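Here's a short tour of the structure shown below. Keep it open while you read, and look up each residue as it comes along.

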Amino acid sequence: MTAPKNRVQSDLSDLREDLGSLRDDIKSLVVALRDAGESSIRRAGRNASRAAENGVAAVKDVASSVGEKVGDQASAMEETARESIQSHPWWSVFGAVGVGLLVGRFLDRR
């Protein structure tokens, strides 16, 4: 009966060694996964930061372009109004008086 007992002890010893190796492998795997996850998170953060910077730059470009167009339109409208007043000064005066009377009448009702 000594042989089977020795074999069982040998098998248990082998099993303990295998479990120890498995535990070490799992620890190594956890460390590797953690490192890979941290690296991925840092990379994703950098990509998100770059995308946000590009988005801000695009919005600034669009706002600048819109601002220029609005400014150009305002200048064109101002020039049109100026030309209209110069070509018909009396109609401009009568229009201003009429608008003033209407505004005064509406304000008087309050």
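L15 is partly exposed, as its relative accessible area is 47%; buried means under 20% relative accessible area, exposed means over 50%, and partly exposed is what lies in between, with a 1.4 Å probe and protein chains only. You'll find L15 in helix α1, which covers residues 2–87. Helices here are DSSP runs of H or I with at least four residues, while strands are runs of E with at least two, and the numbering goes from the N terminus.

L15 also belongs to a nonpolar patch on the surface, together with V8, L12, L19, L22, I26 and V30. Taken together, they have about 620 Å² of accessible area, computed by the Shrake-Rupley method with a 1.4 Å probe, where for residues only the protein chains shown count as cover. A patch takes residues with over 30% relative accessible area and no salt bridge, joining like charges within 9 Å and nonpolar side chains (Val, Leu, Ile, Met, Phe, Trp, Tyr) within 5 Å.

## Where the numbers come from

This is a predicted model, so local features need pLDDT of at least 70 and side-chain atom pairs count only at pLDDT 80 or more, while totals for chains, interfaces and linings use all residues. Residues are numbered from 1 along each chain as its sequence is written, and side-chain values use heavy atoms, leaving out hydrogens and water.

Now pick out S10, another residue of helix α1. S10 is partly exposed, at 36% relative accessible area. How far apart are S10 and A76 in space, C-alpha to C-alpha? The distance is 97 Å, and in sequence S10 and A76 are 66 residues apart.

## Salt bridges

How many salt bridges does a search of the whole structure find? It finds three, counting a side-chain nitrogen of Lys or Arg within 4 Å of a carboxyl oxygen of Asp or Glu. In one of them, R82 meets E78 at 2.4 Å, N to O. R82 and E78 are about one helical turn apart because they sit four residues from each other in helix α1. R82 is partly exposed at 43%, and E78 is partly exposed too, at 44%. Elsewhere, salt bridges that share partners tie R34, D35 and E38 into one network.

Let's take that network apart. R34 bridges to D35, with their closest N and O atoms 3.3 Å apart. R34 also bridges to E38, this time with 4.0 Å between the closest N and O atoms. E38 and R34 are four residues apart in helix α1, so about one helical turn separates them. An α-helix has 3.6 residues a turn, so residues three or four places apart point the same way.

Helix α2 runs over residues 89–108, and its 20 residues reach 28 Å from first C-alpha to last. That's close to the expected 28 Å, which is 1.5 Å times one less than the number of residues. The helix is hardly covered: its count of buried residues is zero.

There are two aromatic pairs, meaning rings of Phe, Tyr and Trp (its six-membered ring) with centres within 6.5 Å; planes under 30 degrees apart are stacked, over 60 edge-to-face, and the rest tilted. W90 and F94 make a tilted pair, 6.4 Å centre to centre with 35° between the planes. W91 and F94 have ring centres 6.2 Å apart and planes at 75°, so that pair is edge-to-face. Together, W90, W91 and F94 form one aromatic cluster. W90 and F94 are exposed, and so is W91.
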